[in-house]
Amino acid sequence: MIEAAEPGAVVCVGESGMNALALIRSLGRRGVPVHAVALRSSPQVALRSRYCSERTTVRDLGELYWALRRIGERRARPAALFVDNDAMLRALAPHAGALARCYALVDPLHDADRLTDKRYQIERAREAGIPVPRSWFPREEADVVAIARQSTRRLIAKPLANTAEFKVLVADDDVHLLQQLHAHRADVASIVVQEFVEGGDGALYSGYGYGPASGGAPLVFTSRKLRQNPPGAGVMAVGEPFDAPEVRDMTLALMRALDYRGMLSVEFKRDAASGRYYFIEWNARFDACHAVGWRAGFDGAFVAYRDRVHGEPPGNLAIRYDTGHAWINAECELRNLAKRPWTLFSPATWRPYLRDKEWAFFAPDDPAPFLKAASGTARWLAGGLLKRLPHSARAAPLPLRSR
């Protein structure tokens, strides 16, 4: 039971607000008062939740720390502090010691710069004995050309510290990759280039591992993507709980190697040819899709809250993988449809919608965030989707049309 004088939680909200919204709903539905803090320039979707007891907006990342100090110092008991994105983690990292005096820190703020760096992630995964795609750290464009000569696979590029406008770029060769980097005005020295692990969207698996600060063994819940946006390399559009023992073991191996406390969301991909799992990346925080675990008995946000604020070890959760439900981000699905409208006629597109569902934004008990997000999607639709659909339809591959 939640006590009347419950210290509550403070959630720092990033641009999309989807991750924070899941945190807010998880805690608020259990009676934990939640104070949300967001940038004024962001859509502020999560702040519309009925489960926000207080709301604060700040002008920029430079104001974030001082706003959190003011909020924390006026509380009689330390609240749990959740951060839902890497940019805020890095902005708060220099102030980790000061924030720890007035908050129970859920995320590893003191080590955020290192934990969000792709080079460090790749090195630690290798040290833990986990397969990693061949990787290079180019310094100039000539290095990209040399990489393409060494590999017979497609290439994928990612920002080393998630500071670029893109999440990933997939290219057939060096020319294609350099063209994309130029289009995004990205510095070659700011990326890692890897061999693309072949396989469909359904070959991507996640391990959500929580290391209790109050003691005990880490907990791991596993899931898989069914679709992502953009297709091939992107964020989850549709996912489901999935029992993946190898993914669970590799996630635990990483957490033990890091002596990790908090939520570590790790992604792996299963190679289509060999069946081998490869490390893709991790998030040193709750990622955007942790709500996929709610119906399966894994409510990571509430587990973290009780652990950090009340020193209550989570124990053995009754995690199950037979719920049959799907997690759906409808906005990502619409964006996929804009790129590949012929999938509208595929039965596979609609199967997740015939199951029990957990929506990224929609919830019957908390409709305002969905309405806010839907208004933004409607503006995007009006701004060009209908114009793009005919072009995308003309680009549809003939074999897919005949299925």
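Buried here means under 20% relative accessible area, exposed means over 50%, and partly exposed is in between (1.4 Å probe, protein chains only). The model is predicted, so local features need pLDDT of at least 70 and side-chain atom pairs count only at pLDDT 80 or more, while totals for chains, interfaces and linings use all residues. Residues are numbered from 1 along each chain as its sequence is written, and side-chain values use heavy atoms, with hydrogens and water left out.

What does the side chain of E240 meet in a salt bridge? The partner is R355, at 2.8 Å from N to O. The pair links distant parts of the chain, 115 residues apart: R355 sits in the loop between helix 12 (347-350) and strand 16 (357-359), and E240 sits in strand 12 (residues 235-241). R355 counts as partly exposed because its relative accessibility is 25%. A salt bridge is a side-chain nitrogen of Lys or Arg within 4 Å of a carboxyl oxygen of Asp or Glu. Helices (H or I, at least four residues) and strands (E, at least two) are DSSP runs, numbered from the N terminus.

The structure holds 27 salt bridges. Side chains of opposite charge can pair when their charged atoms come close. D111 and R114 do this at 3.0 Å, N to O. D111 counts as buried at 17% relative accessibility, whereas R114 is partly exposed at 42%. R335 and E331 both belong to helix 11 (residues 330-339), four residues apart, about one turn of the helix. Their closest N and O atoms are 3.2 Å apart. An α-helix has 3.6 residues a turn, so residues three or four places apart point the same way. R335 counts as partly exposed at 25% relative accessibility, and E331 does so at 26%. Elsewhere, salt bridges that share partners join E54, R74 and R75 into one network.

Five strands form an open sheet in the order 3-2-1-4-5, with parallel pairing. Strand 3 (52-58) and strand 5 (103-105) stand at the edges with a single partner strand each, so one side of each has no neighbour in the sheet. From one strand to the next, the twist averages 25°. Two strands pair if DSSP finds at least two bridges between them. Strand 1 (residues 9-13) and strand 2 (residues 34-39) pair in the parallel sense over five bridges. V13 has A38 of strand 2 as its bridge partner.

Which helices pack on this sheet? Helix 1 lies across strand 1, strand 2, strand 3 and strand 4 (79-83), at about 165° to strand 1. Helix 2 (residues 61-73) touches strand 1, strand 2, strand 3, strand 4 and strand 5, and its direction makes about 160° with that of strand 2. Contact means heavy atoms within 4.5 Å. Axes are lines fitted to C-alpha atoms, for helices over the stretch in contact, and angles run from 0 to 180 degrees between N-to-C directions. Helix 1 (residues 18-28) has 11 of its 11 residues buried, so it is largely enclosed by the rest of the structure. Among them are N19, R25 and S26.

Strand 6 joins strand 9 (residues 191-195) in the antiparallel sense over two bridges. There, W136 stands opposite V193 in strand 9.

Strand 10 (residues 204-211) comes next. Eight of its eight residues are buried, so it is largely enclosed by the rest of the structure. L204, S206, Y208 and Y210 point one way, and Y205, G207, G209 and G211 point the other. Strand 10 pairs antiparallel with strand 13 (residues 262-270) over eight bridges. Y208 stands opposite S265 in strand 13. Six bridges join strand 10 to strand 11 (residues 219-229), also antiparallel. G209 has V220 of strand 11 as its bridge partner.
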